[in-house]
Amino acid sequence: MTTSKFSQTSGPAAVTTARATERLRVRNRRVEAHRDLVRPLAIHYARRCGESWEDLLQVGLLGLIRASELYRPESGTPFDAFARPHVRGAILHYLRDLSPVVRLPRRAAELQQRLLPSSWCQVHSPLMGLHC
C-alpha cells in the first residue's frame, strides 16, 4: 500500500486546518445556541409583507451564520446584540430583492384591484410583472 505525501499533513498546513476546524465548531455551536433569535424576526416581517415565515426563517438563519463568522468575542459586545442587525439585514435584503423595481401608487393599485377580475389577474400578472 502506498501512501500519498498529502495523506498525512503536518507542519503549518495542519495547524491551519486545525484552526479552521475549531472555528467552524465554535461557529456552529454559537448558531445552535442563538437560533431562537431568528424566529421572532421572521414572523414579524412575514406578518408585514405576506411572505412565508419559513422562507424568512431560512434567510434569517443565513444572516445568523454570517454574523457568527464575523463575530469577535474580544470586542466585548454580546453576540445577541451583534447578530440581530445581521439577521434583520439579511431578511430585509431578501424582501427588497423580491419587491418590484417600480411600485404603483396606492390609488392606482386600488383601482387595478377593483377593475381587474381576479382570474384575469392570476393569469396575466406574472407576464406583465403586476402584483395582484
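Me: What makes Leu37, Leu64 and Ala67 contacts of Ala83 in this predicted model?
Reply: The cut-off is heavy atoms within 4.5 Å. Ala83 touches Leu37, Leu64 and Ala67, with residues up to four places away in sequence left out.

Me: Where does Ala83 stand in the largest nonpolar core?
Reply: Ala83 is among the residues with the most contacts inside that core. Val38, Leu56, Leu64, Phe79, Val87 and Ile91 are listed with it. The core has 20 residues.

Me: Why is Ser68 called buried?
Reply: Buried means under 20% relative accessible area. Ser68 has 3% relative accessibility, so Ser68 counts as buried. Ser68 lies in helix H3.

Me: Which residues does Ser68 touch, not counting those up to four places away in sequence?
Reply: Ser68 touches Arg27, Arg30, Val31 and Phe79.

Me: Why does Arg27 count as buried?
Reply: The limit is under 20%. Arg27 has 18% relative accessibility, so Arg27 counts as buried. Arg27 sits in helix H1. Leaving aside neighbours within four places in sequence, Arg27 is in contact with Ile65, Ser68 and Glu69.

Me: How do you know that Arg27 and Asn28 make a polar contact?
Reply: The limit is 3.5 Å between N or O atoms, and adjacent residues count only if both atoms are side-chain atoms. The contact here joins the side chains of Arg27 and Asn28 at 3.0 Å. The pair therefore meets both conditions.

Me: Which residues line the second largest pocket?
Reply: Arg27 and Ser68 are among them. The lining also includes Ala20, Glu22, Arg30, Glu69, Tyr71 and Pro73. Helix H1 (12-33) and helix H3 (53-70) each give two or more residues. H1 has the largest share, seven residues. The pocket holds about 240 Å³ of space.

Me: What makes residues of that lining nonpolar, polar or charged?
Reply: Residue type decides. The lining divides into five nonpolar, one polar and six charged residues.

Me: How many helices and strands does the chain have?
Reply: The chain has six helices and zero strands. Buried residues make up 21% of its 132 residues.

Key: Residues numbered from 1 in each chain as written. Predicted model: local features only at pLDDT ≥ 70, side-chain atom pairs only at ≥ 80, totals over all residues. Heavy atoms only, no water. 1 Å grid on protein atoms, 1.4 Å probe; cavity = no way out; pocket = protein on both sides within 12 Å on 5 of 7 lines; lining within 4 Å. Points joined across faces, edges and corners; volume = space filled by probe spheres on them. Helix = DSSP H or I, 4+ residues; strand = E, 2+ residues; numbered from the N terminus. Nonpolar A, V, L, I, M, F, W, Y, C, P; charged D, E, K, R; others polar. Buried < 20%, exposed > 50% of the residue type's maximum accessible area, 1.4 Å probe, protein only. Polar contact = N/O pair within 3.5 Å; in protein donor to acceptor, adjacent residues only side chain to side chain. Core = buried A, V, L, I, M, F, W, Y, C linked by side-chain atoms within 4.5 Å.
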